[in-house]
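Here are my notes from going through the model you sent.

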Amino acid sequence: MSEPRQQAHARWVRVTHWLLAVSIFTLFVSGFVILMAHPRLYWGVAGNDLMPALLELPISPDYAKVSWADSAPMFDDASGPVSASRTYDAFNQNGWARSLHFLFAWWLVLVVAFYWLTGAVSGHLHSHIWPGLRRLSPQQLWRDLVDRFQQRAPAPPGPHHYGLLQKVAYSMVIFVLIPLQVLTGLTMSPRIAAALPWLLQVFGGFQSARTLHFAGFALLLLFVLVHIIMVIRSGLLRQLRAMTIGERHD
Amino acid sequence: MTKIITRRTALIAGLAAAGGLALARAPRQLPPTYGNLLRMGDDITYAAHRVLLPGQSLVKEYSKADLTSFPAIGTTNPADSGDSFAADEYRALQQNGFRDWQLSVEGSVAKPRTFTIAELKQLPARTQITRHTCEEGWSAIGQWTGVPLSLVLDAVGILPTARFVSYSSIDDWIDSIDLLDALHPQTILAYGMNGRDLPVPHGAPLRLRVETQLGAKSIKYLNRLVVLDEFDDGGPRGSIRNGWAWDMGI
């Protein structure tokens, strides 16, 4: 420690990165467990086992065993809505999964709020994260993509070396995906949707919000996977050092 | 803050004028957590709802064209339940067209009494088409006809010390809601569904509808209401001791 080393990432960036990572990971796991209880997705207001699904995911250990009895039309029209009684209850761990999900949703909102605020005040968002709309031409993005795959020696860690696609990806997550996850999540709450009815209008109903919440999860998962691959490609240990103790070895 | 309280007070005052009730007061206490981190998260969410959201916003109501198929889960016929005493009792009541079904209303009320279904039908009725949202992730649209819980509480003279309403069913479910939800205009004791008598799989002859919370709070086969001054977790049968959140407004 004879000479002060340059910090790759500011301390507040390093701290929020890992706080965010913990909350995203926990939300992924708990959200997935919640989805396992009813692994069917729909569009619109209502959707249930007696209605056709948009998509059914094979993620429950025993959903195939769910069976129904006493199916009966609810109105004089025999082809109309029916009622049926469920005779087998599939895997459901929502007691802890839902509460864990909401606890870490609070965590996520607080961390992201702190990140936005500090990022705006420090200029980090403006100078390192936001790509600038003028640079977003197809040619520029294509060149950045080609560069990324032709690169022999990856850029060193630190926000000064973020590429255009990298900035676009980070901005999408921070300014679009996470806020949409929060809003679609709030839309699914009966009491919040009662107080803020525009949420149901914006997302097209409870089941649409739920399906969009899942699509947001899929995109965030894709981001995390690509992020981890890129970190490994550009030197896992070097990147981990930069994002933890902050040291940079050039 | 002042604005919210004023609006809430105005709403409740309006409701009180309609129902002749004393002013409802927000709960003074949070549900116990028993040191469980998840239950602490539940309390944060519940407190946030009660502080940030107006207490009596109406949930969206739908039209008859929106009615959908409706799954019945959990107990779908108490006469088939393993508890032979309750099963025999229910079967006998059912054979008599539920004419002898009694809803007992007791606790912090001036005149504890019981109501038959016929007596409940003499009180002003409310019909509403709402979304039933299951904690599992599915939803269904149903039309419910019944008497607002506020009118029943008004009829027995709810005491000014009351803060919660606990309720239980013939199939031994127990749960409770705070007074803001109990006095909510859309919280009804439903004896009709989709224009007919409430069918057995959906809780005949009487079920609760708590539209501001998830479906699990809207218990079927309702036969007892207890008005409480203090929070009661329902004991070993209650949601908290079974690893679930008490408030399901989310």
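Which residue is the bridge partner of Val165(B) in strand 11 of chain B?

1. Val227(B) is the bridge partner of Val165(B) in strand 11 of chain B. Before going on, a word on ground rules: this is a predicted model, where local features need pLDDT of at least 70, side-chain atom pairs count only at pLDDT 80 or more, and totals for chains, interfaces and linings use all residues. Residues are numbered from 1 along each chain as its sequence is written, with chains lettered from A and ligands numbered from 1 in the order in which they are written. Helices (H or I, at least four residues) and strands (E, at least two) are DSSP runs, numbered from the N terminus.

2. Two strands count as paired if DSSP finds at least two bridges between them. Ser168(B) has Arg224(B) as its bridge partner in strand 11 of chain B. Strand 11 of chain B also pairs with strand 2 (residues 103-107) of chain B, this time in the parallel sense and over four bridges. There, Ser104(B) stands opposite Arg224(B).

3. Strand 6 of chain B pairs with strand 7 (residues 174-178) of chain B as well, antiparallel over five bridges. In strand 7 of chain B, Ile174(B) is the bridge partner of Ser168(B). The hairpin of these two strands has four residues between them, and Asp172(B) takes a positive phi there, near 75 degrees.

4. How many residues of strand 6 of chain B are buried? Six of the six, so the strand is largely enclosed by the rest of the structure. Buried here means 20 or more other C-beta atoms within 10 Å of a residue's own; exposed means 12 or fewer, partly exposed is in between, and C-beta atoms are placed from the backbone. Both faces are covered: one side has Phe164(B), Ser166(B) and Ser168(B), the other Val165(B), Tyr167(B) and Ser169(B).

5. Val165(B) turns up again in the largest nonpolar core, which has 40 residues; Val165(B), Leu189(B), Leu206(B) and Leu222(B) touch the most other members. A nonpolar core is a set of buried Ala, Val, Leu, Ile, Met, Phe, Trp, Tyr and Cys residues joined through C-beta atoms within 7 Å. Strand 8 (residues 188-193) of chain B is the biggest giver to this core, with five residues. Apart from this core lies another of 27 residues, with members from both chains, including Phe102(A) and Leu38(B).

6. Leu206(B) deserves a look. Leaving out residues up to four places away in sequence, Leu206(B) touches Trp101(B), Leu103(B), Ile117(B), Leu189(B), Tyr191(B), Leu198(B) and Leu222(B). Contact means C-beta atoms, placed from the backbone, within 7 Å.

7. On to the interface: 41 residues of chain A are in contact with 43 residues of chain B. On the chain A side, helix 2 of chain A gives the largest share, nine residues. By class, that side has 24 nonpolar, 11 polar and six charged residues. Ala, Val, Leu, Ile, Met, Phe, Trp, Tyr, Cys and Pro count as nonpolar, Asp, Glu, Lys and Arg as charged, and the others, Gly among them, as polar.

8. Please check the open sheet that spans the chains: three strands in the order 3(A)-4(A)-1(B), with mixed pairing. Strand 3 (68-73) of chain A and strand 1 of chain B are the edge strands, each pairing on one side only. Strand 3 of chain A and strand 4 of chain A are antiparallel over four bridges, and Ala72(A) stands opposite Ser83(A). Three bridges join strand 4 of chain A to strand 1 (residues 70-72) of chain B, running parallel, with Ser85(A) opposite Ala72(B).

9. Two chain A residues for the exposure list. Val121(A), in helix 2 of chain A, counts as exposed because it has 9 C-beta neighbours inside 10 Å. Arg143(A), in helix 4 (residues 138-150) of chain A, counts as partly exposed because it has 13 C-beta neighbours inside 10 Å.

Conventions. Two residues are in contact if their C-beta atoms, placed from the backbone, lie within 7 Å.
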